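Me: Got this one open in the viewer. Can we walk through it together?

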Amino acid sequence: MIDDKEEFIDVIGSRVHNLKNISVKIPRNKLVVMTGVSGSGKSSLAFDTIYAEGQRRYLETFSAYARNFLGTMERPDVDKISGLSPVISIEQKTISKNPRSTVGTITEVYDFFRLLFARASEAYSYNTGEKMVKYTTSQITDLIVEKYENKKLIILASVVKGRKGHYQDLFNQISKQGFIKVRVNGKLTNIAPGMKLDRYKTHDIEIVIDQIKVKKGDKKRISNSVNVAMKHGKGSIMVFDVEANKYSLLSKNLMCPTTGISYDDPAPNLFSFNSPYGACKKCNGLGLVSEIDLKKIIPNQNSTIKKGGIIPLGEYKNNWTFKQIEAIGDNFGFTLNTPIKEISDEAIDYLLSGSTETLTIQQEVAGVTSDYNIEFEGIVNIIIRQFEENKSKSIGRWANNFMNKVTCSNCQGSRLKKEAMYFKIDDKSIAEIAEMDLLSLYTWSSTVQQKLSENQQVIAKEVLKEINTRVKFLLDVGLTYLSLNRSSRTLSGGEAQRIRLATQIGSQLVNVLYILDEPSIGLHQRDNQKLITSLKELRDIGNSIIVVEHDKDIMLSSDYIIDIGPKAGLHGGEIVSTGKPKDFVKNNTETANFLSGKIEIEIPKKRRKGNGKYIELKGAVGNNLKKINLKVPLGKLICVTGVSGSGKSTLINETLYPILNQHIYKAVKKPLDYTSIKGLEHIDKIIDIDQSPIGRTPRSNPATYTGVFTDIRLLYSNLPDAKIRGYKPGRFSFNVKGGRCETCKGAGVKTIEMNFLPDVYVECTDCNSKRYNRETLEVRYKGKSISDILNLTINQAVDFFENIPSIIQKIRTLQDVGLGYIRLGQPSTTLSGGEAQRVKLATELSKKQTGKTFYILDEPSTGLHFDDIKIFLEVIDRLVNLGNTVLIIEHNMDIIKVADHIVDIGPEAGLDGGTIVSEGTPEKIIRSKESYTAKYLKEELK
């Protein structure tokens, strides 16, 4: 029990979702883990009760005027919560998907680098690579006196450089200011009245400010001349040594001493790809541009234009475009029926790129033939114009079908304009810094100060200190392999959560309650200790931490464990057990028995041999992969393992899956670079089962997703009562007018928009959340209306429909994957990631099996208690035993140890990863000296 003198967060009588009026005391300023099976009510207590109440109290601190705009939040269904600190929730879904958002911008580390480069960098010329120079007026005067003593000089101010025009007005203006000579295109000349140049040629014009033989006593005159030249030359002057016939350029701006190009003084926004001042003009700071892919425009060279061989044009229609193409064909000697491969390259280029040459087209209207002279724009130019100028989303999508995202040729993916790349510290540009993995970056930023000049050291000292502190926090949570320019949309939920955790540690807030949702996701066992240390650090500075977690290490390292259950859904929602880890493990509960080792997931007595066939991928080089050759044995359960950032997702999700998807379904996503692939003929289906929601609105539910609702609606439409009334299956759909409640449009809830906050759903009072109108609900099967069916749990539905094969087959698979507790019509927005993944698995299981399907799952253990993992593995075994191949990217040792074949990638993350360290059965893997996975797997196989 908790010591009474300790401070608590006291939750009394929570009834949110499936919680059964529970009361719990949570110690403050401690690391507390909430655990329990998937769907037991952990998130309902942590997020929907404690965090929701904290957020509501925060909103109540605003003035009545501000709350008008923010709206009010409904109080969670709880009697009382006391001892609640300000709450910060660190979830997996809170990361920005904006393409401009990167790891550097989220953590603000990049902002400090922008400041560092604006104040302490050295500029180099992008023409010659020389160091740029800048002078004050007095320095220029001293330099002229020293360097050109007793020499005849001409001091000039450049006013026109490489521009066309006659410049009559400029010469008049210069003359009125008292100057009598100019230098035009390298020749000195007096200004004559009415003087002008050839307007169609480019010119260089400089004003002759002074002609002088330099002597030390003339310093004042030289200084005045330099000031006047600076004023007219916009901060720059030219000095011409008459005897040596040589020019020098001097400037108070940063200037290349050889070519004369100048840069403005750097400001932090010069290094920002989100500022128009610093972003590359071609890609607008995105690093990628859309480029036409000619293979998408003409995929089949054997086809003809008439049969739709040029995809954007489609098949032949009697319209103006095809009349133009017929005229081009007359010019180049082809018809619309000529196979595209037989049309000359010149003609194809004309069709795609267009021409400024005039085409004559004859058109007959009402018996009168007319000639039209036109220029053909070109198919590629039409697509680009529609993409850039058309505001219609559908036309934008159409144009996008013929394009690929490629690295911008101007900035080479750095996102910044050219000048920004030539400001360097320790011979590195800010783009090179942003490309480094965080471990290399920390090494560089910790040692670079010694390499700087004295002046630079003074400027950089405090900025580097701040950078090092923040990068260290990111390393402490196991993110050594990320780089500052990594796009936030490519981060996994766990990575995003750990970045926010590091940012919070850096902010040094105290007396705050942090609630985290499975921060261990995507983290290898090796890096778990770093995460635990970070959580304890956050606790030790004076905060309370609640972690919803299933990880054994984090549970045993916590100060207090709260186990919710005993089962899921209706059978959960109670406090099963609480206590400090050493006391908790003595309890006779499933979680305690798992922690103490009394219950384990059994290791199979023998590994499957597979079907003897393979898929062989050779030469994968995407991201950090180093020419990997992957051999995937089919008919087995395969685990791809390795430390976070070693290259697992790159190899499987971004290389192998897109290749298989293109081969089977002609998908458009382009795989990362590889050399060759063999064995694709051995599979006929590729299924990617991730933890994304099965729907984003309350209209989506397990019944609609699995397709069983179609069979249920058909059953209801065939009932005698429905036939008398003339009801078709559509009458029983809550998405179609007719049978649904029109007040809530069949959703069962009304959506209240909350402006700055997520939408709130409230029950529809007209239909009492039944979704249907009265007439539809009068049709009953075994005494139940269609709405009652949607409220049945899967377990109840299995008994209810036991005599109807088409329905029972689909819902029994939901029961088999451990989802017997969820309701058929439960809104998908209330399903956890693990539940959504199992609904997808059940849907696949209910389909007719060919035994040649390839399944890819990315960290299916997310959100699953070890008891759920047991059920999950039984489902996977069923799939593999039918002859299918299941490939899982995983860190969870309970899943890894039951695999038939393991591919371990590493050995480290980022640049030090990207190779296959070891592959084979778990028994073979544990013999590897280099593999980190082997070290932890050895413990499991004892």
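Reply: Start at the strands: K424 has S429 of β20 as its bridge partner. Bear in mind that this is a predicted model.

Me: Which strand pairs with β20 there, and over how many bridges?

Reply: Strand β19, residues 423-425, joins β20 through two bridges. The two strands run antiparallel.

Me: What is the strand order in that sheet?

Reply: The order is β6-β19-β20. The sheet is open, has three strands, and its pairing is antiparallel. β6 (122-123) and β20 (428-429) are the edge strands, each pairing on one side only.

Me: Which helix lies across those strands?

Reply: Helix α4, residues 109-120, lies across β6, β19 and β20. Its direction is at about 100° to β19.

Me: Staying with α4, at what angle does α4 pack with α15?

Reply: About 165°, with the axes 10 Å apart. That is over 145°, so α4 counts as roughly antiparallel to α15. The crossing of α4 and α15 is left-handed. Helix α15 covers residues 454-476.

Me: Which residues of α4 and α15 meet?

Reply: From α4, V109, F112, F113, L115, L116, R119 and A120. From α15, Q456, I459, A460, V463, L464, E466, I467, R470, V471 and L474. By class, that contact has 13 nonpolar residues, one polar and three charged.

Me: Is R415 buried or exposed?

Reply: R415 is buried, with a relative accessible area of 8%.

Me: Another helix pair. How do α9 and α10 pack?

Reply: At an angle of about 155°, axes 10 Å apart. Helix α9 spans residues 320-332 and α10 spans 345-353. The two are therefore roughly antiparallel. Their crossing is right-handed.

Me: Which residues make the contact of α9 and α10?

Reply: I325, I328 and F332 on α9, with E346, A347, Y350 and L351 on α10. Six of the contact residues are nonpolar, none is polar and one is charged.

Me: Switching to β8. Which strands does β8 pair with?

Reply: One is β9 (187-190), antiparallel over four bridges. Another is β10 (202-213), antiparallel over three bridges. Strand β8 itself runs over residues 181-184.

Me: What sits between β8 and β9?

Reply: Two residues lie between the strands of that hairpin. N185 takes a positive phi near 50°.

Me: Now the cis peptides. Where is P566 and what is its omega?

Reply: P566 is in the loop between β23 (560-565) and β24 (574-579). The bond joining G565 and P566 is cis, with omega about 5°.

Me: What about the bond from G906 to P907?

Reply: That bond is cis as well, with omega near 5°. P907 is in the loop between β34 (901-906) and β35 (915-920).

Me: And F594, which helix is it in, and what does F594 touch?

Reply: F594 lies in helix α20, residues 590-596. Leaving out residues up to four places away in sequence, F594 touches K552, I599, F866 and D894. F594 counts as buried, at 12% relative accessibility.

Technical notes: Residues are numbered from 1 along each chain as its sequence is written. This is a predicted model: local features need pLDDT of at least 70, side-chain atom pairs count only at pLDDT 80 or more; totals for chains, interfaces and linings use all residues. Side-chain values use heavy atoms; hydrogens and water are left out. Axes are lines fitted to C-alpha atoms, for helices over the stretch in contact, and angles run from 0 to 180 degrees between N-to-C directions. Angles under 35 degrees count as roughly parallel, over 145 as roughly antiparallel, 65 to 115 as roughly perpendicular and the rest as oblique. A crossing is left-handed if the near helix is turned anticlockwise from the far one by less than a right angle, and right-handed if clockwise. Contact means heavy atoms within 4.5 Å. Ala, Val, Leu, Ile, Met, Phe, Trp, Tyr, Cys and Pro count as nonpolar, Asp, Glu, Lys and Arg as charged, and the others, Gly among them, as polar. Buried means under 20% relative accessible area, exposed over 50%, partly exposed in between (1.4 Å probe, protein chains only). Two strands pair if DSSP finds at least two bridges between them.
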